[in-house]
Structures are given as C-alpha cells and as structure tokens.
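Let's take a walk through this chain together, with the structure open beside the text.

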Amino acid sequence: MSDSATVEGGTGPQASSELVGVLAMVLASAAFGTSGVLVKLIGAEVEISALALAFWRDITTFTVLLTGLAIFRRRWLRIRRADLRWLVGLGASLGIFHVFWNLAVFINGAAVATVQQAAMPAIVTIVAWFLWRESLTWHKIVAILLTFTGTVLVSGLDVLGQVQLSAGGLLVGLGVPISYASWTLFGKKVRETYNPLTALTYGFGVAALILLPFQAFTPQPWPVPGQTLTWFAALIMLSTILPFASYTFALGRLPASVASILAMSEIAFVAVYAYFLLGERLTPSQVLGAGLVIGGVLLLSWRRRRRVGVAGLQRQA
C-alpha cells in the first residue's frame, strides 16, 4: 500500500484538528439531509422501489469513485490483504443498513424508522467505550438524550402514537441502528489506515454486491426521463459522495461516539429542507424537536471546542 493512501498524522487526530472534524460532520449532515428531497423528486417522476433505488445509488457511487481514483489517484486503490476484512465489513454493514432501512420504512413507516435510527449514537458510544475506551461523559449522554428526544418530536408524536409495531417490525427496527452503528465503527477502524475515498470506493462496491440479489425481486425503472437523471446525479454527488466522504473524513479526527451524535443534526436539516423546499408545515412540537437536536449538537461541539482551547493554552504555557 502506498503512503498516499494513508491518513496524514499517523496515530490519530490532534486536538487542534477536532474542530475540523466537527465542521466536516455538520457538512455531512447538511448534505445527507438533501437525500429525502431528491428521493421524493425522483419518485414523483419514475416508479422505483426503495431497494432498486438503493442499489443503483450504491453501484453508481462505486463506479464514479472507482473511475475517479483509477484516473487521478490509482495508488489509492492499493490495499493490504490484511485490511480487506475491515473494508468488507464496512461495505457489508452499509449495504445491510440500506436493506434494513428500506424494510423499516415499508413495515413501520418513515417516521418510526427515523426514530429507530436515532438509537445509533447510543450503540456507537457504548461499543466505542468497550472497544477503544472512548470516554463516556455526562455531556455525551445528555447530547444523546437531546438528539433522540428531538428526533421523536420532529418525526411527529401523532404519527408515532398511531403505529402498532409487530414482532417483525421491532426486529427490523432494531437492525436499523445496529447496522448504521456497524458501518460507523468499521469506518472508524478503516480510517486508521486509509483515506475516505479509498474506504468508500471499496465500501460502496461491497454494498452494491449485498443489494444485487434483491434486484431480481423488485421492478426496475425503464425508461428513465431526462429530468429524473438530473435528480439522480444530484443524489449521487450531493447526497451520497459529499456526505459520506465528509463523514468518513471526520471519523479520522473525532471519536466514533462524538461523530455519531453529531450525525443526528441531519434531522434538523431535513426539517428545514422539508419546510422551504417541499412546503411541508412544521408543528410547534417539530420546531421544538429540531431545537433539541441542535442543542445536543451544540452541547457536544462546545465541550470539544472548550477542550481544544484548554489544550492550546497548555501548549502555550
């Protein structure tokens, strides 16, 4: 493996780079939030299942990344055989997450699936504490509670109150945060050695392979209108490559637990986009929920900024 495919800085992010990681996570969340808008625009013009869209999204992203690296950074495609298991784990968990997410939306509805996904930071925080001894502090716990409560409110209490989950729905819903947490943890491991684009190229390749068998059981869109291709291109570049690259980049500079909590700011961005771009009205409880999510993110960001400041003063002393 060439040195160009390794993470600058070697052993891990310095305290002064953590703010860059926080900003990268916010950028990733803002870009992730556009996905729902673009998916709705695509669905309005062409009949396509969630499984088919997930597959074409993954295989197209893989093709774009592979082509780009093959032309401009061929050395970044070199990996060590010993690391292949981590890259396969990253891609498999990403593909499995897409399957669980789509099933959760089909069985439980989008609102409930979003709430189930919001359990991800708690899983990542506990596993990261167990595996890597990441600190389990009060502000992380409070931030998790704030973002989870905010997600419930944004998703809509009236909708959640009308849902009766089956045993299958509960099991599928449990798979959503676990698979989301898995790809975050594998991404953290991979970022110890490889840059974001290397990790994502192999990750999306494996994810596409995971979704490929499902395509035989779901209708494929054809023909595809030109306008739909425009929305799909935006989905690939703006809602997939940009946020996943930013997210994976941040994993190299932040603890996995912190990154997963900051990722929940996507909920607030989704609410704002839905209001301004789709004309969806926000209830007072949804506005409060978005505020709680932002509050949890700001609490975590403020604590890390304060830590960076103290570390800087100590170095100057």
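## Helices, rings and confidence

The end C-alpha atoms of helix H13 (residues 266–277) lie 16 Å apart, which agrees with the 16 Å that its twelve residues should span at 1.5 Å a residue. That expected span is 1.5 Å times one less than the number of residues. Helices here are DSSP runs of H or I with at least four residues, strands are runs of E with at least two, and both are numbered from the N terminus. Glu266, Ile267, Ala268, Ala271, Tyr273 and Ala274 are the buried residues of H13; buried means under 20% relative accessible area, exposed over 50%, and partly exposed in between, with a 1.4 Å probe and protein chains only. Just after H13, Gly279 adopts a positive phi of about 70°.

Before going on, a word on the source: this is a predicted model in which local features need pLDDT of at least 70 and side-chain atom pairs count only at pLDDT 80 or more, while totals for chains, interfaces and linings use all residues. Residues are numbered from 1 along each chain as its sequence is written, and side-chain values use heavy atoms, leaving out hydrogens and water.

Stepping back, the protein has 14 helices and zero strands. Of its 317 residues, 50% count as buried. A contact means heavy atoms within 4.5 Å; among contacts between residues at least 6 apart in sequence, 92% join residues at least 24 apart.

Helix H10 (residues 196–211) has 16 residues and reaches 22 Å between its first and last C-alpha, close to the 22 Å expected. Twelve of the 16 residues of H10 are buried, including Pro196, Phe204 and Leu211. At its start, a side-chain oxygen of Asn195 comes to within 3.1 Å of the backbone nitrogen of Leu197.

A polar atom of the Arg191 side chain lies 2.7 Å from the backbone oxygen of Thr248.

Now for the aromatic rings. Rings of Phe, Tyr and Trp (its six-membered ring) pair if their centres lie within 6.5 Å; planes under 30 degrees apart count as stacked, over 60 as edge-to-face and the rest as tilted. By this rule there are ten aromatic pairs. One of them is the tilted pair of Trp183 and Tyr247, at 4.9 Å centre to centre with 40° between the planes. This pair links distant parts of the chain, with Trp183 in helix H9 (residues 167–190) and Tyr247 in helix H11 (residues 226–251), 64 residues apart.

| Charged residue | Ring | Distance to ring centre |
|---|---|---|
| Arg73 | Trp76 | 5.6 Å |
| Lys189 | Trp86 | 5.2 Å |

Finally, how confident is the predictor? pLDDT is its confidence in each residue, from 0 to 100. The mean for the protein is 81, and 83% of residues reach 70 or more. Among the elements, helix H8 (residues 157–161) has the lowest mean pLDDT (55) and H10 the highest (94). Over residues 1–13 the pLDDT is below 50, and this stretch has 24 contacts beyond near neighbours in sequence. Residues 308–317 are also below 50, with five such contacts. Where pLDDT is low, the predicted coordinates should not be read in detail.

Conventions:
A polar contact is a pair of N or O atoms within 3.5 Å; within protein, one must be able to donate a hydrogen and the other to accept it, and residues adjacent in sequence count only if both atoms are side-chain atoms. A charge sits over a ring if NZ of Lys or CZ of Arg is within 6 Å of the ring centre and within 35 degrees of the ring normal. pLDDT is the predictor's confidence in each residue, from 0 to 100.
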